Amino acid sequence: MRRGVGIIGAGIGAEHLTAYRTLPALFQVRWICDLDLDRAVGIADGIAVTRNISDLLEDPHCDVIDICLPPHLHLPVACDALAANKTVICEKPLVTSLIEMDKLEAADKISTGRVFPVFQYRNGLGMSQLRALLALGLTGNGQVATLETHWSRDADYYNTGWRGTWGGERGGAVVTHAIHIHDLLTQAFGPIATVQARLATRVNPIETDDCAAILLNMQNGALVTSSVTLGAAGDHSRLRLVFEHLTAESDLAAYAPAAKSWRFTARRPEMQSRVNAVVAAASPPPVGFAGFLTDVSNALDGTGQAVTLQEARASLELITAIYASDQTGCPQNLPIQSDHPLYDGWQPKEHR
Ligand SMILES: NC(=O)c1ccc[n+]([C@@H]2O[C@H](COP(=O)([O-])OP(=O)(O)OC[C@H]3O[C@@H](n4cnc5c(N)ncnc54)[C@H](O)[C@@H]3O)[C@@H](O)[C@H]2O)c1
(Lines give C-alpha, C1' and ligand atoms only; values in the text may rest on other atoms or scores of the structure.)
Protein backbone atom coordinates (compact mmCIF):
# COMPACT_ATOMS: atom_id res chain seq x y z
CA MET A 1 0.00 0.00 0.00
CA ARG A 2 1.22 3.52 -0.86
CA ARG A 3 1.01 5.96 2.06
CA GLY A 4 0.86 9.74 2.13
CA VAL A 5 3.53 11.43 4.27
CA GLY A 6 4.05 14.82 5.87
CA ILE A 7 7.60 15.66 6.97
CA ILE A 8 7.96 18.18 9.80
CA GLY A 9 11.41 19.77 9.97
CA ALA A 10 13.56 20.32 6.89
CA GLY A 11 16.99 19.62 8.43
CA ILE A 12 17.47 15.84 8.62
CA GLY A 13 13.99 15.81 7.08
CA ALA A 14 15.75 16.50 3.76
CA GLU A 15 17.51 13.12 4.06
CA HIS A 16 14.23 11.42 4.93
CA LEU A 17 12.75 13.02 1.81
CA THR A 18 15.59 11.66 -0.34
CA ALA A 19 14.88 8.19 1.02
CA TYR A 20 11.10 8.48 0.42
CA ARG A 21 11.86 9.46 -3.17
CA THR A 22 13.65 6.14 -3.68
CA LEU A 23 10.45 4.32 -2.56
CA PRO A 24 7.70 5.75 -4.81
CA ALA A 25 5.65 2.54 -4.64
CA LEU A 26 5.47 2.76 -0.83
CA PHE A 27 5.25 6.46 0.03
CA GLN A 28 4.20 9.77 -1.46
CA VAL A 29 5.43 12.85 0.40
CA ARG A 30 2.56 15.38 0.39
CA TRP A 31 3.90 18.08 2.73
CA ILE A 32 7.10 19.64 3.96
CA CYS A 33 6.41 21.64 7.11
CA ASP A 34 8.91 24.00 8.67
CA LEU A 35 8.65 27.29 10.55
CA ASP A 36 11.45 28.37 8.25
CA LEU A 37 9.43 28.31 5.03
CA ASP A 38 12.47 29.09 2.85
CA ARG A 39 14.16 25.97 4.21
CA ALA A 40 11.06 23.91 3.38
CA VAL A 41 10.84 25.40 -0.12
CA GLY A 42 14.54 24.68 -0.59
CA ILE A 43 13.94 20.92 -0.48
CA ALA A 44 10.30 20.64 -1.59
CA ASP A 45 10.74 20.58 -5.38
CA GLY A 46 7.00 20.78 -6.05
CA ILE A 47 5.73 19.25 -2.79
CA ALA A 48 3.33 21.47 -0.80
CA VAL A 49 4.99 23.50 1.96
CA THR A 50 3.52 24.97 5.13
CA ARG A 51 4.50 26.43 8.47
CA ASN A 52 1.46 24.86 10.16
CA ILE A 53 1.56 21.32 11.48
CA SER A 54 -2.26 21.35 11.53
CA ASP A 55 -2.30 21.35 7.69
CA LEU A 56 -0.71 17.89 7.80
CA LEU A 57 -2.94 16.61 10.61
CA GLU A 58 -6.10 17.75 8.80
CA ASP A 59 -5.13 16.20 5.44
CA PRO A 60 -7.06 12.91 5.17
CA HIS A 61 -4.54 11.64 2.60
CA CYS A 62 -1.60 12.20 4.93
CA ASP A 63 -1.26 8.82 6.69
CA VAL A 64 2.23 9.26 8.18
CA ILE A 65 3.63 12.22 10.12
CA ASP A 66 7.42 12.14 10.05
CA ILE A 67 8.79 14.22 12.94
CA CYS A 68 12.25 15.69 12.30
CA LEU A 69 12.05 18.40 14.95
CA PRO A 70 14.36 19.24 17.87
CA PRO A 71 13.93 16.68 20.67
CA HIS A 72 11.86 18.85 23.07
CA LEU A 73 9.09 18.96 20.42
CA HIS A 74 8.88 15.21 19.75
CA LEU A 75 6.35 14.32 22.46
CA PRO A 76 3.74 17.07 21.91
CA VAL A 77 3.79 16.73 18.12
CA ALA A 78 3.70 12.92 18.25
CA CYS A 79 0.75 13.02 20.67
CA ASP A 80 -1.15 15.47 18.41
CA ALA A 81 -0.50 13.22 15.41
CA LEU A 82 -1.65 10.12 17.28
CA ALA A 83 -4.78 11.97 18.43
CA ALA A 84 -5.50 12.56 14.73
CA ASN A 85 -5.02 8.79 14.21
CA LYS A 86 -1.89 9.28 12.10
CA THR A 87 1.07 6.94 12.08
CA VAL A 88 4.15 8.61 13.51
CA ILE A 89 7.76 8.26 12.43
CA CYS A 90 9.93 10.15 14.90
CA GLU A 91 13.62 10.97 14.97
CA LYS A 92 15.83 10.06 17.90
CA PRO A 93 15.72 10.51 20.81
CA LEU A 94 12.07 9.47 20.53
CA VAL A 95 11.23 11.48 23.65
CA THR A 96 13.38 12.95 26.40
CA SER A 97 12.50 11.03 29.58
CA LEU A 98 10.88 7.80 30.67
CA ILE A 99 7.85 9.67 31.98
CA GLU A 100 7.43 11.14 28.48
CA MET A 101 7.74 7.60 27.15
CA ASP A 102 4.81 6.58 29.38
CA LYS A 103 2.75 9.46 27.94
CA LEU A 104 3.61 8.49 24.37
CA GLU A 105 2.75 4.84 24.99
CA ALA A 106 -0.60 5.91 26.47
CA ALA A 107 -1.33 8.08 23.39
CA ASP A 108 -0.29 5.21 21.11
CA LYS A 109 -2.69 2.80 22.84
CA ILE A 110 -5.80 4.88 22.11
CA SER A 111 -4.84 5.78 18.52
CA THR A 112 -5.32 3.77 15.35
CA GLY A 113 -1.92 5.16 14.31
CA ARG A 114 1.36 3.55 15.29
CA VAL A 115 4.73 4.94 16.33
CA PHE A 116 8.01 4.05 14.63
CA PRO A 117 11.17 5.40 16.27
CA VAL A 118 14.06 6.06 13.87
CA PHE A 119 17.20 3.91 14.23
CA GLN A 120 18.36 3.75 10.62
CA TYR A 121 21.94 2.64 11.44
CA ARG A 122 20.52 -0.87 11.75
CA ASN A 123 19.79 -0.99 8.04
CA GLY A 124 22.82 -2.07 6.09
CA LEU A 125 24.88 -4.96 4.82
CA GLY A 126 27.13 -5.32 7.88
CA MET A 127 24.17 -5.77 10.23
CA SER A 128 22.51 -8.19 7.78
CA GLN A 129 25.67 -10.28 7.76
CA LEU A 130 25.82 -10.25 11.55
CA ARG A 131 22.12 -11.16 11.84
CA ALA A 132 22.64 -14.11 9.50
CA LEU A 133 25.56 -15.38 11.61
CA LEU A 134 23.58 -14.91 14.83
CA ALA A 135 20.54 -16.70 13.39
CA LEU A 136 22.68 -19.72 12.50
CA GLY A 137 24.28 -19.79 15.94
CA LEU A 138 27.76 -19.26 14.46
CA THR A 139 28.84 -16.42 16.76
CA GLY A 140 28.43 -17.99 20.19
CA ASN A 141 27.86 -15.64 23.13
CA GLY A 142 29.02 -12.05 23.11
CA GLN A 143 32.08 -11.68 25.37
CA VAL A 144 33.46 -8.14 25.13
CA ALA A 145 33.07 -5.18 22.81
CA THR A 146 34.53 -1.76 22.25
CA LEU A 147 32.45 1.02 20.73
CA GLU A 148 33.69 4.35 19.42
CA THR A 149 31.57 7.35 18.56
CA HIS A 150 34.41 9.72 17.72
CA TRP A 151 32.99 12.66 15.81
CA SER A 152 33.85 16.31 15.36
CA ARG A 153 31.47 19.18 16.11
CA ASP A 154 32.25 22.88 16.36
CA ALA A 155 30.53 26.21 16.95
CA ASP A 156 28.68 26.13 13.60
CA TYR A 157 26.93 22.91 14.58
CA TYR A 158 25.69 24.44 17.83
CA ASN A 159 24.43 27.58 16.10
CA THR A 160 20.78 26.41 16.07
CA GLY A 161 19.45 27.68 19.37
CA TRP A 162 18.59 24.15 20.57
CA ARG A 163 21.70 21.96 20.21
CA GLY A 164 23.88 21.73 23.28
CA THR A 165 21.10 23.04 25.55
CA TRP A 166 19.18 21.18 28.25
CA GLY A 167 15.97 22.92 27.16
CA GLY A 168 16.18 22.02 23.46
CA GLU A 169 18.45 19.03 22.88
CA ARG A 170 17.68 17.76 26.41
CA GLY A 171 21.09 16.10 26.64
CA GLY A 172 24.44 15.83 24.94
CA ALA A 173 26.51 13.33 22.99
CA VAL A 174 25.15 10.31 24.84
CA VAL A 175 21.60 11.33 23.85
CA THR A 176 22.08 12.62 20.32
CA HIS A 177 25.14 10.88 18.90
CA ALA A 178 26.02 7.68 20.77
CA ILE A 179 22.36 6.58 20.86
CA HIS A 180 22.84 4.85 17.49
CA ILE A 181 25.89 2.77 18.37
CA HIS A 182 24.30 1.71 21.66
CA ASP A 183 21.25 0.57 19.72
CA LEU A 184 23.47 -1.49 17.41
CA LEU A 185 25.18 -3.02 20.43
CA THR A 186 21.89 -4.26 21.87
CA GLN A 187 20.95 -5.70 18.47
CA ALA A 188 24.17 -7.75 18.61
CA PHE A 189 24.57 -8.58 22.32
CA GLY A 190 21.03 -8.27 23.72
CA PRO A 191 19.87 -6.22 26.71
CA ILE A 192 22.10 -4.25 29.08
CA ALA A 193 22.13 -5.18 32.79
CA THR A 194 24.32 -2.55 34.50
CA VAL A 195 25.76 0.83 33.53
CA GLN A 196 28.65 2.91 34.86
CA ALA A 197 29.52 6.19 33.18
CA ARG A 198 31.50 9.42 33.41
CA LEU A 199 30.55 12.40 31.27
CA ALA A 200 32.37 15.63 30.54
CA THR A 201 32.07 18.81 28.50
CA ARG A 202 35.53 19.24 27.02
CA VAL A 203 35.14 20.22 23.37
CA ASN A 204 32.65 23.08 23.00
CA PRO A 205 31.28 25.62 25.51
CA ILE A 206 27.82 23.98 25.76
CA GLU A 207 25.47 23.21 28.65
CA THR A 208 25.37 19.47 27.97
CA ASP A 209 28.04 16.76 27.67
CA ASP A 210 30.27 16.14 24.65
CA CYS A 211 32.52 13.33 25.95
CA ALA A 212 31.76 10.07 27.73
CA ALA A 213 33.40 6.89 29.01
CA ILE A 214 30.82 4.17 29.60
CA LEU A 215 31.09 0.64 30.96
CA LEU A 216 28.22 -1.74 30.25
CA ASN A 217 27.59 -5.19 31.71
CA MET A 218 25.26 -7.02 29.37
CA GLN A 219 22.59 -9.44 30.59
CA ASN A 220 24.49 -12.25 28.81
CA GLY A 221 27.58 -11.46 30.92
CA ALA A 222 29.49 -9.58 28.20
CA LEU A 223 31.55 -6.50 29.15
CA VAL A 224 31.45 -3.45 26.86
CA THR A 225 33.22 -0.11 26.81
CA SER A 226 31.85 2.83 24.86
CA SER A 227 33.96 5.89 24.16
CA VAL A 228 32.27 9.06 22.97
CA THR A 229 33.65 12.42 21.91
CA LEU A 230 32.62 15.26 19.63
CA GLY A 231 36.22 16.51 19.57
CA ALA A 232 37.86 13.92 17.33
CA ALA A 233 39.86 14.65 14.21
CA GLY A 234 37.16 13.82 11.68
CA ASP A 235 34.20 11.51 12.20
CA HIS A 236 34.21 7.78 12.66
CA SER A 237 32.09 5.16 14.36
CA ARG A 238 33.48 1.73 15.15
CA LEU A 239 32.19 -1.44 16.75
CA ARG A 240 34.48 -4.35 17.61
CA LEU A 241 32.31 -7.17 18.88
CA VAL A 242 34.13 -10.19 20.27
CA PHE A 243 31.92 -13.26 20.35
CA GLU A 244 32.87 -16.69 21.61
CA HIS A 245 33.47 -18.05 18.09
CA LEU A 246 34.25 -14.98 15.99
CA THR A 247 35.17 -11.31 16.12
CA ALA A 248 33.10 -8.81 14.15
CA GLU A 249 34.55 -5.43 13.13
CA SER A 250 32.38 -2.72 11.64
CA ASP A 251 33.15 -0.28 8.89
CA LEU A 252 34.23 3.17 10.14
CA ALA A 253 31.60 5.26 8.32
CA ALA A 254 30.46 7.65 11.04
CA TYR A 255 26.79 7.85 10.11
CA ALA A 256 26.36 4.42 8.57
CA PRO A 257 28.80 2.00 10.21
CA ALA A 258 26.66 -0.95 9.09
CA ALA A 259 26.18 0.14 5.49
CA LYS A 260 29.14 -1.73 4.06
CA SER A 261 30.46 -5.24 4.61
CA TRP A 262 31.98 -6.01 8.04
CA ARG A 263 35.03 -8.14 8.79
CA PHE A 264 34.24 -11.41 10.55
CA THR A 265 37.21 -13.45 11.80
CA ALA A 266 36.59 -16.93 13.14
CA ARG A 267 38.45 -17.86 16.30
CA ARG A 268 39.11 -21.33 14.97
CA PRO A 269 40.57 -21.06 11.45
CA GLU A 270 38.64 -24.15 10.31
CA MET A 271 35.37 -22.23 10.85
CA GLN A 272 36.37 -19.30 8.63
CA SER A 273 35.12 -20.76 5.35
CA ARG A 274 31.64 -21.39 6.83
CA VAL A 275 31.57 -17.83 8.22
CA ASN A 276 32.70 -16.45 4.85
CA ALA A 277 29.96 -18.37 3.05
CA VAL A 278 27.22 -16.98 5.33
CA VAL A 279 28.62 -13.45 5.02
CA ALA A 280 28.83 -13.70 1.23
CA ALA A 281 25.22 -14.96 1.01
CA ALA A 282 23.79 -11.99 2.97
CA SER A 283 22.08 -9.89 0.32
CA PRO A 284 22.58 -6.11 0.48
CA PRO A 285 19.37 -4.63 1.92
CA PRO A 286 18.24 -1.03 1.44
CA VAL A 287 20.62 1.04 3.56
CA GLY A 288 19.96 3.76 6.13
CA PHE A 289 16.71 5.74 5.97
CA ALA A 290 15.49 3.88 2.84
CA GLY A 291 15.95 0.58 4.67
CA PHE A 292 14.26 1.91 7.79
CA LEU A 293 11.28 3.24 5.79
CA THR A 294 10.97 -0.07 3.95
CA ASP A 295 10.78 -1.79 7.35
CA VAL A 296 8.06 0.69 8.44
CA SER A 297 6.03 -0.02 5.31
CA ASN A 298 6.36 -3.77 5.84
CA ALA A 299 5.37 -3.43 9.50
CA LEU A 300 2.28 -1.41 8.56
CA ASP A 301 1.38 -4.05 5.96
CA GLY A 302 1.87 -6.81 8.53
CA THR A 303 4.67 -8.45 6.55
CA GLY A 304 7.69 -7.47 8.64
CA GLN A 305 9.05 -5.59 11.62
CA ALA A 306 10.48 -2.14 12.25
CA VAL A 307 11.97 -0.47 15.33
CA THR A 308 9.56 -0.89 18.25
CA LEU A 309 8.48 1.37 21.09
CA GLN A 310 10.02 -1.12 23.53
CA GLU A 311 13.39 -0.72 21.80
CA ALA A 312 13.14 3.07 21.99
CA ARG A 313 12.25 2.77 25.69
CA ALA A 314 15.36 0.63 26.23
CA SER A 315 17.50 3.34 24.61
CA LEU A 316 15.99 5.95 26.95
CA GLU A 317 16.54 3.71 29.97
CA LEU A 318 20.21 3.46 29.01
CA ILE A 319 20.48 7.25 28.72
CA THR A 320 18.77 7.66 32.10
CA ALA A 321 21.21 5.17 33.65
CA ILE A 322 24.24 6.88 32.07
CA TYR A 323 23.29 10.27 33.53
CA ALA A 324 22.35 8.75 36.89
CA SER A 325 25.67 6.93 37.13
CA ASP A 326 27.59 10.08 36.21
CA GLN A 327 25.65 12.15 38.74
CA THR A 328 25.88 9.65 41.64
CA GLY A 329 29.13 7.82 40.90
CA CYS A 330 27.19 4.54 41.35
CA PRO A 331 26.44 1.71 38.90
CA GLN A 332 22.82 1.69 37.69
CA ASN A 333 20.78 -1.43 37.00
CA LEU A 334 18.44 -1.74 34.04
CA PRO A 335 15.55 -1.71 33.43
CA ILE A 336 14.85 1.60 35.17
CA GLN A 337 11.82 1.45 37.49
CA SER A 338 9.24 4.22 37.81
CA ASP A 339 10.50 5.21 41.29
CA HIS A 340 14.00 6.00 39.92
CA PRO A 341 14.97 9.60 40.80
CA LEU A 342 15.63 10.40 37.10
CA TYR A 343 12.48 8.73 35.75
CA ASP A 344 11.07 12.17 34.99
CA GLY A 345 14.25 13.23 33.17
CA TRP A 346 18.04 13.18 33.32
CA GLN A 347 18.20 16.94 32.79
CA PRO A 348 18.74 19.43 35.62
CA LYS A 349 15.43 19.76 37.50
CA GLU A 350 14.54 23.16 36.01
CA HIS A 351 14.60 21.62 32.50
CA ARG A 352 12.44 18.56 33.18
N1 LIG B 1 18.86 9.72 12.68
C2 LIG B 1 19.89 10.53 12.47
O3 LIG B 1 20.95 10.09 12.02
C4 LIG B 1 19.75 11.99 12.76
C5 LIG B 1 20.66 12.92 12.22
C6 LIG B 1 20.48 14.28 12.49
C7 LIG B 1 19.45 14.69 13.33
N8 LIG B 1 18.61 13.75 13.88
C9 LIG B 1 17.52 14.17 14.77
O10 LIG B 1 16.55 14.87 14.00
C11 LIG B 1 15.95 15.89 14.80
C12 LIG B 1 16.11 17.22 14.07
O13 LIG B 1 17.48 17.50 13.94
P14 LIG B 1 18.04 18.44 12.76
O15 LIG B 1 19.52 18.28 12.78
O16 LIG B 1 17.32 18.21 11.51
O17 LIG B 1 17.65 19.86 13.35
P18 LIG B 1 17.54 21.27 12.56
O19 LIG B 1 17.56 22.33 13.60
O20 LIG B 1 18.54 21.30 11.46
O21 LIG B 1 16.10 21.19 11.87
C22 LIG B 1 14.92 21.26 12.61
C23 LIG B 1 13.92 22.08 11.82
O24 LIG B 1 12.69 22.09 12.56
C25 LIG B 1 12.09 23.35 12.32
N26 LIG B 1 11.10 23.60 13.38
C27 LIG B 1 11.34 23.86 14.68
N28 LIG B 1 10.15 23.99 15.34
C29 LIG B 1 9.17 23.81 14.44
C30 LIG B 1 7.76 23.79 14.52
N31 LIG B 1 7.11 24.01 15.66
N32 LIG B 1 7.05 23.56 13.38
C33 LIG B 1 7.69 23.34 12.20
N34 LIG B 1 9.04 23.34 12.08
C35 LIG B 1 9.77 23.55 13.18
C36 LIG B 1 13.24 24.32 12.33
O37 LIG B 1 12.90 25.53 11.66
C38 LIG B 1 14.33 23.54 11.62
O39 LIG B 1 14.38 23.83 10.24
C40 LIG B 1 16.63 15.83 16.15
O41 LIG B 1 15.84 15.05 17.02
C42 LIG B 1 17.94 15.11 15.86
O43 LIG B 1 18.44 14.40 16.98
C44 LIG B 1 18.74 12.43 13.59
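## Ligand site between two domains

Because domain 1 (3-119) and domain 2 (121-283) both give residues to the shell around the ligand, the ligand lies between them; the domain bounds come from an automatic or database assignment. This is a predicted model, in which local features need pLDDT of at least 70 and side-chain atom pairs count only at pLDDT 80 or more, while totals for chains, interfaces and linings use all residues. Residues are numbered from 1 along each chain as its sequence is written, and side-chain values use heavy atoms, with hydrogens and water left out.

The C-alpha centres of domain 1 and domain 2 lie 27 Å apart. Eight residues from domain 1 and 13 residues from domain 2 take part in the contact, which means heavy atoms within 4.5 Å.

Around the ligand there are 22 residues, of which Ile12, Asp34, Arg39, Trp162 and Arg163 come nearest; a residue is near if one of its heavy atoms lies within 4 Å. The shell consists of eleven nonpolar, five polar and six charged residues, with Gly counted as polar and Asp, Glu, Lys and Arg as charged.

The table gives polar contacts, pairs of N or O atoms within 3.5 Å.

| Residue atom | Ligand atom | Distance |
|---|---|---|
| Leu35, backbone N or O | nitrogen | 3.2 Å |
| Trp162, polar side-chain atom | oxygen | 2.8 Å |
| Arg163, side-chain N or O | oxygen | 2.6 Å |

Of the 850 Å² of accessible area that the ligand has on its own, the protein covers 83%, as computed by the Shrake-Rupley method with a 1.4 Å probe.

Notes. A polar contact is a pair of N or O atoms within 3.5 Å; within protein, one must be able to donate a hydrogen and the other to accept it, and residues adjacent in sequence count only if both atoms are side-chain atoms.
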